[in-house]
Amino acid sequence: MNRYFASSPHQSRVRRASDVWLVVIGLVLLLWTAANVDRVAAVETALVDLAQSAPLWFELFYRVAYFLGLLLVWGIIILVIAQGKKRLDLLRDIAIAIVATISVILFFVWWLDGSIPAAFPDFVERDGGFSFPLLRVSILTAVITVASPHLARPVRRFGWIMITLVAISGFGLGIGLPGDAVGGIGLGLLVGGTVLLVFGSPMGYPNRAAVTVGLGDLGLRIADLELAPDRSWGVRRLTGSLDDGTRIEVKAYGQDAVGSQRISRAWRALWYRDVGQTYTSNRLQAVEHEALAILTAQGSGVATPEILAVGLGGEEMALLATTRRGTAFQPDQLTTASLTAVWNEVALLHDAGIAHGTLTLDAITIDDGQPVIGDLTASSLSAPDVRRSLDVVSLLFSTAVVVGVEDAVAAAQAGAGDEHLITALPYLQVPALTRSQRSLVDKPKALMSELSDAIAAATGVEAPEPAKLRRVRPKDLIMPALSLVAAYALIGMMTDIDFVAVWGVVENATWALIIVGFFIGQFAFFFDATGMLYATGYPLPLKPLAILQVSVKWIGLAVPSAAGRVTMNALFLRKYGVSPTLAVTQGALDGLAGFATEAGILLLALIATDLSLDLDTEAINWSLILLIVAVLILGSIIAVLRIQRLREKVLPPLKDAWAMLWSLLKDPKRTFGLLGSNLASRTILAITLWFILQAIGTPLPLVVALVVTVATNLLAGLVPIPGGIGVAEAVLTSFLMVAGLGADEAFAAAIVFRIATFYIPAGEGFFAMRWLEKNGYL
């Protein structure tokens, strides 16, 4: 029965940061679904229709899956009770989680409609109402969340699979909507995470007595065994001695050890370009791999601990026992000579094709003056250069923190040679460090920069371009997230559109007017070019400048338009001797002028005409909004003035921006030329939209077309999606509907307008960029 559990009974508990995330994620899901409980989103309707359109026999599948969720809860409870007094703490956690979940659900149901949710809704007739949140989904999620630290990985995986199936079955049977199921998962995560934060989670490693017995089975007679201070999840490190007095070090891999290491390495591989990592599929392979690495290193002359035993210690763990040679480095032992000897051993290790993986001073001991390299858990055999270079970076940083940059580089150069240091130069970056290493100093980036400069000076080479260690940066996730939001908005909007009617609108349009509008829209590129001309103040040739604006549309398919425009403009302006600073600030000036122009158009239209956006502002507490804005502005000013690091980042760009703006304002010709170019560009696009509306038989005044175009450009530009694809269509359709068009006509006009002003010009942009490259303008 122990094979169902990952941890031994009565283990000490710890509070993990991941449990905080469970609470946060659960709270967000619960509040979001609760806020929308009275609204049925189009996506929910589509999912329910899909689930309920399955063959009739699927209803039996839904009922069985929904009932199995309840059986799984009872199965876990019975399994825990069968352990007797060993798992009373887990039984307590499960009981509290179930009671708390039911209490919260009863509150929600009472708050919403005053009824009591059915315990077995899959076997009772329903009156057509929905239950929020789904009771069974909530209880199952809470129980699995609380029990997960105790359960073996296969059981946990099965539990989360069942949560998914029960959630789908819930709306497949009509018990609730997808939002009710998501709310149930959120409530379960919230309650389960809270229980884990209150009582803690077991460390998940084998107990000391079992390790002693397992070592005995492998032929070692243990005199004493104590826990080592550092432990990773599922791996227990112990130190002790044998009957003959030999000092030993033991690693005991529990059932979750390999899984947690695999997740950690996969996570790093996802975020960083860390190639050559070694993956093991089970506990035995993990200890065998480290043993092989030790033997291979010894065969190449590297000083390592001696292997005493390796293998399985019963059914619960795999064991690796080695001699414990020497003691940890003390500060007075970190001399240039001792560090040079350390680097000699590292060079031998790397020449044997082995990368350590976690090479810091903590992994090295000193035995009668001889450095000994231990802890080869994360080692790689036949390691590529990048893995060995990361070893060098890690040890350099570790030693520089203690002895200083100059001494650390001198010892590395004397012990490992210039070649190892030069190869590692591109990898001297903060992402090459672990979180614990980064926490050793206040400014790890500055220390890395000092190390890079010192190595370049010592070896007589120039510092190369940094290697791309990060595969994914946090900001890279913003665009996919915003794309999902845009897709959600589009799906919701398109469900109310009759596409047959839309095609009818397009088919019956006066295409001659659409073609006229398209050709008029091409003149916008000319005024975009004059805007760039006035922004730089340089005498640039107008023809290639206008063609450059067309090529930006092509780049806009790959990157957000602002970033693509700045890059293309900088490459172009460099050919005419424009400084890189001005080339970049030109884009900011042009963007600022465009924003001022669009804001001015909207303000004048709302003040000077009877145009209305039909917004209900009576319920808005403007005083509260102004107070919040004032507090945010005041807080930002105080933060900038009081926090030196923030002040150093914010004030210089602000000063540069003000100097740039002032230089423009001092020249009225440039100022009015830039504003006029932006106004002309927006007006031409509005004329294009006006012709398209005339063509489909839903004319609007030119002023309204201008306001709609400008408002769309402002809002769509807030979402950094390349070309505003999807977002611009949705926003433009919404504004046209506000202006009085029907959904079908508005969507048709938006699609035709975007084809005429973005998608076709993007195709033109490919040939425009080829022309610019061919003629040497890029």
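This note sets out points on the predicted model shown above.

1. Basis of the model. The structure is a predicted model, in which local features need pLDDT of at least 70 and side-chain atom pairs count only at pLDDT 80 or more, while totals for chains, interfaces and linings use all residues. Residues are numbered from 1 along each chain as its sequence is written, and side-chain values use heavy atoms, with hydrogens and water left out.

2. Overall content. The protein chain holds 29 helices and 10 strands; these are DSSP runs numbered from the N terminus, helices being H or I of at least four residues and strands E of at least two. Of its 778 residues, 45% count as buried, where buried means under 20% relative accessible area, exposed means over 50%, and partly exposed lies in between (1.4 Å probe, protein chains only).

3. Contacts and surface. Among contacts (heavy atoms within 4.5 Å) between residues at least 6 apart in sequence, 75% join residues at least 24 apart. The chain exposes about 38500 Å², and carbon and sulfur atoms supply 65% of that area; accessible areas come from the Shrake-Rupley method with a 1.4 Å probe, and for residues only the protein chains shown count as cover.

4. The five-stranded sheet. An open sheet of 5 strands has the order β3-β4-β5-β7-β6, with antiparallel pairing; two strands pair if DSSP finds at least two bridges between them. Because β3 (222-227) and β6 (307-312) stand at the edges with a single partner strand each, one side of each is left without a neighbour in the sheet. The twist averages 20° from one strand to the next.

5. Strand β6 is joined to β7 (residues 318-323) over 5 antiparallel bridges, and Ala309 stands opposite Ala321 in β7. Helix α8 (residues 208-217) packs on the sheet, touching β3, β4 (235-242), β5 (247-253) and β7, and its direction makes about 140° with that of β3. Helix α10 (residues 283-299) lies across β5, β6 and β7 and runs at about 155° to β6. Axes are lines fitted to C-alpha atoms, for helices over the stretch in contact, and angles run from 0 to 180 degrees between N-to-C directions.

6. A hairpin. Strands β9 (residues 364-367) and β10 (residues 370-373) run antiparallel and are joined by 4 bridges. Thr365 stands opposite Val372 in β10. The two strands form a hairpin with 2 residues between them, and Asp368 in the turn has a positive phi of about 55°.
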